[in-house]
Amino acid sequence: MSDSQQYIVSARKYRPDSFEDLIGQDNIVKTLKNSIIRGKLAHAYLFCGPRGVGKTSAARIFAKIINCSNPSEDMEPCGQCESCVSFREGRSYCIHELDAASNNGVDDIKALMDQVQIPPQVGRYSVYIIDEVHMLTQAAFNSFLKTLEEPPAHAIFILATTEKHKILPTILSRCQTYDFNRISIPDIVKNLRAIASKEDIHVDDESLHIIARKADGAMRDALTIFDQTVAFCGNDVKYEDVIRNLNVLDYEHCFHLTESMLANDYPSALLEFDSVLSKGFNALYFVASLSTHFRNLMVAKTGSLDALLELPDSLKKKYREQAEKCPLQFLYDALSVTVQCETGYKESINPRLHIEFALMKLCFLTGGEVSLRPVQAAVAAKAPGAAKAPAAGDAKVQTPEPAGPDHADASPAKPAEGENVAGVAEVSRPTRRRTTRSSAAALSLGSIGDNEGPKTETAPEIPDDARIPTDEEIMAKWKCLPEQFASRPRLASTLATAKVEIVEMDGYKRVDFFLMNLSQKKWVEENLLHNIEGILWKMLNTNKLRLNPEVMPEEAVEKKIYLAEDKAKIVADGNEEVRNLVHDLGLDVK
């Protein structure tokens, strides 16, 4: 009974009491040591970061060193002087700690301000460590401002918080801010290994990595979980006992599932998932673990990314071996499926079926009796110029042209009756339609490409010594050009009304025609320019002609008036009598 009363948890027993023991905050330690060596101490510091990473411990160590009578050469407290001994025994009068969570009012801050005026009895500085400072009320913060900005020369404030965003900007501007990092898994494992050695506890690397991963970057959490694990397992800690005690999904489940997917064995995958659920694991946590597994396989597949695998060496080896069996495309598609499954899980009416369906898709990614490739991929494989893919019965497929500006209203071609697309069930797709305005001034790309026009003209075979046409011949043929696009009336109207300028060049003539905006110009250049140019070459029997689309200058665009109030203002501006009538009668022109 006496032993249990003297027991101290590892988080307290192995709390850092020197900068050397502070883990994972090397940059902060170096900065603080340099400020002490150079004698440039600020009057206020703000230590912020996640829980359990050493903020309060660093504040205590810093307070001990600046009051230590005999610090070491590398700025560590001696532990022998009166200041160090009094702090260790809890009777120091120069280092004060205040919990802002329970002392967050104006009266508490006033009492602190009165205490600040008292000089230290031992040591050079009175250090005030205020933990969870974000819990102070607005009034308490405001009453603290003046003291924090201009404290007595012997006073130093160290504020610690996990929620920096809740600190007033006026407080932040008065403090030197130090952002503490999460502690890496290797650092946590190294520290746990050292503690286990001191406590004569036998534990394997896999167990330590599970504990470190569960701690999520917090050393205090890792030590707490370590104590819990030892209480469950005793001094001989086994991996199987750790995952059972901490309710962590075993890596082996994901390895077995991946093997089933590569073998297209979806029954085994479903049984593995059922086994996971029977052990009490959350289904969404299972999908997240599977996503992490595919991510690790992608990383392990490339040797240069080995540093991104925060795993023990034995587990890294298993990941490399399985990654060699997995095609990179499979891993990419699998990760996409699991991420989509996570996204839609909460919206699913039947969550289990939602995950089971995702597992079945994963099992057919590499082939099998069911093809789960997208319909678009099957259609693309049948497109002209593509390699012919084998299909059941060697059925021929009519492929729809891709929807573009020239086919905005065209419905996709449908397969002939009784035919199928790459073994996938036929899917009826709704016809996409655009709503366009009839105004030529507001012509859009959709309206330009509303119907199919003439097929792309191939350049006629014209001798290089063809003559250069006259301006009159060019304009005459240009006026006939809209007839070639009669099935696309808006495009025909645009060509008919476009302003045209002919420029004499060296050995040819350039035809500049002006469109309404930059989007129209870009679309014409990419989709229509060579077609129109080929038509004109054929009409004029010459290749000494070049087309150059331009954008109509803003001042040349006629502004159309639509609103009644705009029309009324124009009438009033152009007629003095109307303007006087509006003024005399106090009319509101609308």
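**View 1. Cysteines without disulfides.** Counting pairs of cysteine sulfur atoms within 2.5 Å as disulfides, the total here comes to zero. A disulfide, for reference, is a covalent bond between the sulfur atoms of two cysteines. Cys341 is buried, at a relative accessible area of 4%, and Cys363 is buried too, at 0%. Here buried means under 20% relative accessible area, exposed means over 50%, and partly exposed lies in between, using a 1.4 Å probe and protein chains only. Please keep in mind that this is a predicted model, in which local features need pLDDT of at least 70, side-chain atom pairs count only at pLDDT 80 or more, and totals for chains, interfaces and linings use all residues. Residues are numbered from 1 along each chain as its sequence is written, and side-chain values use heavy atoms, leaving out hydrogens and water.

**View 2. Strand E9 and its two partners.** Strand E9 (residues 509–515) is largely enclosed by the rest of the structure, because six of its seven residues are buried. Strands (E, at least two residues) and helices (H or I, at least four) are DSSP runs numbered from the N terminus, and two strands pair if DSSP finds at least two bridges between them. On one side, E9 pairs with strand E8 (residues 500–504) in the antiparallel sense, over five bridges, and Glu504 stands opposite Lys509. Four residues lie between the strands of this hairpin, where Gly507 takes a positive phi near 95°.

**View 3. Two asparagines with positive phi.** Most residues other than glycine have a negative phi. Asn247, though not a glycine, has a positive phi of about 55°. Asn247 sits in the loop between helix H12 (239–246) and helix H13 (251–262) and is partly exposed, with a relative accessible area of 40%. Asn264 likewise has a positive phi, near 55°. The loop between H13 and helix H14 (266–278) holds Asn264, which is partly exposed at 23% relative accessible area.

View 4. Ile8 lies in the loop between helix H1 (2–6) and helix H2 (10–13) and is partly exposed, at 39%.
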